[in-house]
Amino acid sequence: MKNKNGPFIDLYEMALANASDLHDEASILLNRERFPRAYFLALTGLEELSKALLAADVSTGLVSEKEYRSYYKKHNEKIPRIEWASRETFPNLFKGKRRTIKDPRPTIKKREDSLYVRRIEDGLSTPAKSISEEDARILCRTLGTAIKRIELASEHYGQYIGTKGLILLRKKFYGIDPDL
């Protein structure tokens with residue numbers, strides 16, 4: 001009997017590997033002070049992780065294949081689904097404490113700003129003006145943390161990949177359910 005979820009497990013593994021490659025490439029650009037492009041690649045890596053987790057959730061039965069197909073091509077839905085990575089990377093920012101850095105959560109606008117020059121009311125917006133070193137460093141760090149959490153969840157709960165693995169990991173290490 002053929003496993004109908006096999007392609008989703010393959011997609012999960014390949015998208016996770018691609019996200020890791022995107023992190024490596026974003027880090028190279030970050031070190032070369034190419035902050036807008038580093039930001040874009042890190043954000044693309046987070047989107048790949050979002051897709052990977054959703055594919056894993058199909059394979060574990062948490063979501064339907066239909067839900068996956070309606071979701072995976074939409075940037076505006078992939079980004080919020082991966083916001084847990086910002087909370088994992090900068091937990092104090094989400095507990096009512098004083099912020100010492102910008103809000104680390106990526107947005108569609110910042111994604112566009114990292115790539116395109118456009119006219120705005122008072123002149124031009126360019127990637128270099130729109131994306132700071134801090135923006136790029138925060139997002140690269142967030143992507144790296146997310147990859148590590150997913151790898152850790154897979155090591156501890158290999159049969160529970162995707163959201164189920166992350167839930168079990170959060171319960172084990174923090175004693176709480178994640179807000180995924």
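Accessible areas are taken from the Shrake-Rupley method with a 1.4 Å probe. On that basis, the accessible surface of this protein comes to about 10300 Å², and 50% of it belongs to carbon and sulfur atoms. The structure is a predicted model. Nine helices and two strands make up the secondary structure, and buried residues account for 44% of the 180 residues.

**Overall architecture**

- Along the sequence, the elements follow the pattern α-α-α-α-α-α-β-β-α-α-α.
- Among the contacts with a separation of 6 or more, 63% are between residues 24 or more positions apart.

- The buried residues of H1 are Gly-6, Phe-8, Tyr-12, Ala-15, Leu-16, Ala-19, Leu-22, His-23, Ala-26 and Leu-30.
- Glu-33 is placed in the loop between H1 and helix H2 (35-59).
- Although Glu-33 is not a glycine, its phi is positive, at about 60°.
- Glu-33 counts as exposed because its relative accessibility is 59%, and the cut-off for exposed is over 50%.

**Helix H2**

- H2 is mostly covered, with 23 of its 25 residues buried.
- After H2 comes Gly-61, which has a positive phi near 85°.

**The aromatic pair**

- One aromatic pair is found in a search of the whole structure.
- The partners are Phe-8 and Tyr-68, in an edge-to-face arrangement with 5.3 Å from centre to centre and 85° between the planes.
- Phe-8 belongs to helix H1 and Tyr-68 to helix H3 (residues 65-71), so the pair ties together parts that are 60 residues apart in sequence.
- Phe-8 and Tyr-68 are both buried.

**His-23 and its surroundings**

- His-23 is a residue of helix H1, and it is one of the buried residues there.
- With neighbours within four places in sequence left aside, His-23 is in contact with Cys-140, Leu-143, Gly-144 and Ile-147.
- A polar atom of the His-23 side chain lies 3.3 Å from the backbone oxygen of Cys-140.
- His-23 and Ala-42 are 19 residues apart along the chain, and their C-alpha atoms are separated by 5.8 Å.

- Ser-114 is located in the loop between helix H6 (108-113) and strand S1 (118-120).
- The relative accessible area of Ser-114 is 0%, so this residue is buried, the cut-off being under 20%.
- A polar atom of the Ser-114 side chain is 2.7 Å from the backbone oxygen of Arg-111.
- Not counting residues up to four places away in sequence, Ser-114 touches Pro-36, Arg-37, Tyr-39, Phe-40, Pro-127 and Ile-131.
- Tyr-39, one of the residues touched by Ser-114, has Lys-110 over its face, at 6.0 Å from the ring centre.

**Helix H8**

- Ile-138 is found in helix H8, which runs over residues 133-156.
- Ile-138 counts as buried because its relative accessibility is 8%.
- The C-alpha atoms of Ile-138 and Thr-89 are separated by 8.9 Å, while the two residues are 49 residues apart along the chain.
- Glu-151 is also placed in helix H8.
- With a relative accessible area of 38%, Glu-151 is partly exposed.
- Glu-151 and Leu-16 are 135 residues apart in sequence, and the distance from C-alpha to C-alpha is 9.2 Å.

Notes:
Residues numbered from 1 in each chain as written. Predicted model: local features only at pLDDT ≥ 70, side-chain atom pairs only at ≥ 80, totals over all residues. Heavy atoms only, no water. Helix = DSSP H or I, 4+ residues; strand = E, 2+ residues; numbered from the N terminus. Buried < 20%, exposed > 50% of the residue type's maximum accessible area, 1.4 Å probe, protein only. Contact = heavy atoms within 4.5 Å. Phe/Tyr/Trp six-rings, centres within 6.5 Å; stacked < 30°, edge-to-face > 60°. Lys NZ or Arg CZ within 6 Å of the ring centre and 35° of its normal. Polar contact = N/O pair within 3.5 Å; in protein donor to acceptor, adjacent residues only side chain to side chain.
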